[in-house]
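Hi,

Here is the model I promised to pass on, together with my notes. Have a look at it first, and then read on for what turned up.

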Amino acid sequence: MNAIVEINDLTKQYGQKKALDAITFKVKEGGCFGLLGPNGAGKSTLMKLLTGILSPDSGGMTIMGMDARNNRNAIISKTGYVPQEITLFETLSARRNLVFFGEMYGMKGEPLKRKIEEVLQQVGLADRAKDAVGTFSGGMKRRINIAASLLHDPKLLILDEPTVGIDPQSRNHIFEMIMALKKKGMTILYSTHYMEEVEALCEDIAIMDNGRVIAEGSLNGVLEAHAAKAIYLESDDVTVPPVLEGIAKASAKGRGWMLESSDPLALMGRLVQYFQSKGIHVRSLEMMTPSLESVFLKLTGSSLRDE
Ligand code: ADP
């Protein structure tokens, strides 16, 4: 694997609070890597260490082949970072804000002008370029912040919970933009506590909880290794079908049953046979898609949705 980020045994403590506890994983070059975890898991802290805003207590990071301890400027020149907090001048226009950020990266003149138009297109706000950022919605401001992080053509883009508290239209724009950036070969490190976002955007993931990585690998690999396999059943028969004995665990869900089994396909076959032979009407018999929700539940005993 060609890794763009390698994190080794990284630990960070705030006073008595261990925000990161011996974190180790790699992010391969290209595609979207999802950092999934509930609030307080340590995602922002990890991103602040990667961008040099904070220093680790112990452990190391290699980014684009460079040791993060002594190549900070070279790493920053190839990395885009969008923190959770919006950092824009409210009274200035979107374009003027981008001029400011571009100049910070040492850009100027025609190349900067061209790049600003390009990133405004990328985030879908070219038609609002002249308007003061103070008149924008939270989602539009976030998109301008993302545009600013793209001005210097980074190889690695770090997005810290970019969709929290924003409108659906901005969310869609951010998703489309990520898809387009992936196609161009950029690597995106995307943190979120919404598992649906990771399922939609990312090929590889690390699930964090309480400062630790509790599962890591390809999305499909993590689902295969940890997600519950289940069938949802609703029938006119209100009792649990006896054919389940020994091969599935039933729990009531909605108007039917959730039937967990290591071999859901075989279970499905048995259920069909059983209901046909008894002439019982089935309202719903559905193979459940393995979800990160069930992975999180299995590994931590708590639901990510309780956030
Ligand atoms: P996440 O981004 O996953 O929500 P954070 O990295 O923000 O998690 O926080 C990890 C833990 O560290 C949390 O318990 C949080 O309260 C704590 N923490 C974060 N920043 C600070 C800080 N500046 N001082 C003290 N504790 C902090």
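Which residues do ring pairs link into a cluster? They are Phe89, Phe100 and Phe101. I will come back to these rings below.

First, the ground rules. This is a predicted model, in which local features need pLDDT of at least 70 and side-chain atom pairs count only at pLDDT 80 or more, while totals for chains, interfaces and linings use all residues. Residues are numbered from 1 along each chain as its sequence is written, and side-chain values use heavy atoms, with hydrogens and water left out.

**Overall picture**

The protein has 10 helices and 14 strands; these are DSSP runs numbered from the N terminus, helices being H or I with at least four residues and strands E with at least two. Its C-alpha trace spans about 80 × 45 × 35 Å along the principal axes. Of the 307 residues in the protein, 47% are buried. Here buried means under 20% relative accessible area, exposed means over 50%, and partly exposed is in between, with a 1.4 Å probe and protein chains only.

UniProt, in an unreviewed entry, places the feature "domain: ABC transporter" at residues 5–235. Positions from UniProt are given in the numbering used here, feature names are shortened, and annotations may be inferred rather than shown by experiment. In the model, that span is 35% helix and 30% strand, and its end C-alpha atoms lie 50 Å apart.

**Around the ligand**

The residues around the ligand are Tyr14, Lys17, Ala19, Pro38, Asn39, Gly40, Ala41, Gly42, Lys43, Ser44 and Thr45. To be counted as near, a residue needs one of its heavy atoms within 4 Å of the molecule. By class, this shell has four nonpolar, five polar and two charged residues. The classes run like this: Ala, Val, Leu, Ile, Met, Phe, Trp, Tyr, Cys and Pro are nonpolar, Asp, Glu, Lys and Arg are charged, and the others, Gly among them, are polar.

For Gly42, a backbone N or O atom lies 2.9 Å from an oxygen atom of the ligand. Lys43 uses a polar side-chain atom, also at 2.9 Å from a ligand oxygen. Taken alone, the ligand exposes 560 Å², and the protein buries 61% of that; accessible areas come from the Shrake-Rupley method with a 1.4 Å probe, and for residues only the protein chains shown count as cover. The elements giving two or more residues to the shell are β2 (17–28) and α1 (43–50). Of these, α1 gives the most, with three residues.

Rings of Phe, Tyr and Trp (its six-membered ring) pair if their centres lie within 6.5 Å; planes under 30 degrees apart count as stacked, over 60 as edge-to-face and the rest as tilted. One of the pairs is Phe100 with Phe101, edge-to-face at 5.4 Å centre to centre and 80° between the planes. Phe100 is partly exposed at 32% relative accessible area, whereas Phe101 is buried at 13%. Tyr274 and Phe275 also pair edge-to-face, at 5.3 Å and 70°, and both of these residues are buried.

Met64 is not a glycine, yet its phi is positive, at about 50°. Met64 lies in the loop between β4 and β5 (66–67) and is buried, with 17% relative accessibility. Asn210 likewise has a positive phi, near 50°. Asn210 is found in the loop between β9 (204–209) and β10 (212–218), and is exposed at 54%.

Finally, Glu234 belongs to strand β11 (residues 230–235) and is buried at 10% relative accessibility. Glu234 and Arg283 are 49 residues apart in sequence, but 5.3 Å apart in space, C-alpha to C-alpha.

Best wishes

Technical notes. A polar contact is a pair of N or O atoms within 3.5 Å; within protein, one must be able to donate a hydrogen and the other to accept it, and residues adjacent in sequence count only if both atoms are side-chain atoms.
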